[in-house]
Amino acid sequence: MSRVADKVVLVTGAARGQGRRHAVRLADEGADLILFDICADIEHNDYPLATTADLDEACREVEKSGRRVVSAAVDVRDRAAVESALASAVKEMGALDVIVANAGICPLGGQVPIGAFANAFDVDFVGVVNTIHAALPYLGAGASIVTVGSVAGLLAEKAGPGGAMGPNGPGGAGYNLAKQFIDRYTMALAAQLAPLSIRVNVVHPTNVNTPMLHNEAMYKMFRPDLEHPGVDDAMMTFPMMQGMPIPYVEPDDISHAVCYLASDESRYVTGVQLKVDAGASLKF
């Protein structure tokens with residue numbers, strides 16, 4: 001249980017969902033953690049986001065592994081806030097070795113205002129750029145940057161605006177574009193940082209069993225034939241996304257990939273698009 005022993009890892013969107021699981025898994029494998037989350041709702045995003053109580057609970061889960069942890073309520077859209085919080089955290093921790101740029105939202109629905117496009121894009125892409133660029137001065141040889149994309153976003157690009165995986169309203173369009181940009185940005189950054197022996201890779205999940213998946217707007221995207229679909233309705237069509245006959249993967253399935261890319265096991269792995277998608281990209 002020491003695959004990332006004594007590494008200091010920053011995880012954004014860490015209060016719950018994928019982010020919390022990544023943090024806990026990395027702590028179990030020996031890392032110390034810096035946890036950022038907005039701990040507030042964002043306009044036009046109908047499902048509730050994490051709270052300060054969620055972030056506190058994430059810290060307690062990390063501490064169960066005996067690892068150090070610091071946290072802050074930070075909006076990744078605010079570069080100055082990210083820089084300030086990170087400077088304080090790195091001063092306390094003494095180093096920074098790994099970035100997991102995970103924070104994201106998906107404000108679906110055809111009736112949401114155009115502001116949903118801006119909010120989704122700003123959180124999901126600009127937030128990734130802010131996080132990584134704020135962290136670059138602290139990283140040295142052997143460091144690892146992991147971004148979190150989306151197989152659905154990549155498939156939407158292939159399908160086009162009118163395709164089966166196309167956007168659901170302005171927020172869905174912003175989400176898909178952001179995830180496509182993350183993919184391109186990761187590859188470009190990997191090329192720039194390779195001479196410095198800093199690795200950059202992107203993980204592309206399919207449906208993941210988190211609050212982002214379990215809300216009425218998402219259910220409606222999978223069951224447009226129903227006015228108010230519930231989880232049981234969506235479970236009938238969730239498996240259509242994947243090649244394997246499953247409705248979704250678990251957060252731990254993504255954390256396995258993140259842990260590998262954070263560890264020295266992947267010391268010569270950079271510029272990789274690691275799809276944890278149960279065959280979704282093959283199917284479509």
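Good morning. I begin with the second largest pocket, which has a volume of about 230 Å³. Please keep in mind that the model before us is predicted.

Which residues lie nearest the centre of this pocket? They are Asp46, Leu108, Gly109, Ala217 and Lys220, and they belong to a lining of 13 residues. As a general point, rolling a probe the size of a water molecule over the atoms shows where empty space is left.

I turn now to the cysteines. A disulfide is a covalent bond between the sulfur atoms of two cysteines. How many disulfides does the count give here? The count comes to zero. Consider Cys59: the closest cysteine sulfur belongs to Cys39 and is 9.1 Å away, which is too far for a bond, because a disulfide requires the two sulfur atoms to be within 2.5 Å. Cys59 is also buried, with a relative accessible area of 10%. Cys106 is buried as well, at 6%.

My last topic is helix H1, which covers residues 17-28. Its twelve residues, at 1.5 Å a residue, should span 16 Å; the end C-alpha atoms are 17 Å apart, so the two values agree. Is H1 mostly covered or mostly uncovered? H1 is mostly covered, with nine of its twelve residues buried. Among these buried residues are Arg20, His22, Val24 and Leu26. In an α-helix there are 3.6 residues a turn, so residues three or four places apart point the same way. After H1 comes Gly30, whose phi is positive, near 105°.

Thank you for your attention.

Notes
Residues are numbered from 1 along each chain as its sequence is written. This is a predicted model: local features need pLDDT of at least 70, side-chain atom pairs count only at pLDDT 80 or more; totals for chains, interfaces and linings use all residues. Side-chain values use heavy atoms; hydrogens and water are left out. On a 1 Å grid over the protein atoms alone, a cavity is a set of points where a 1.4 Å probe fits but cannot get out, and a pocket is an open set with protein on both sides within 12 Å along at least five of seven lines; lining residues have an atom within 4 Å of a point. Grid points are joined across faces, edges and corners, and a volume is the space filled by probe spheres set on the points. Buried means under 20% relative accessible area, exposed over 50%, partly exposed in between (1.4 Å probe, protein chains only). Helices (H or I, at least four residues) and strands (E, at least two) are DSSP runs, numbered from the N terminus. The expected span of a helix is 1.5 Å times one less than its number of residues.
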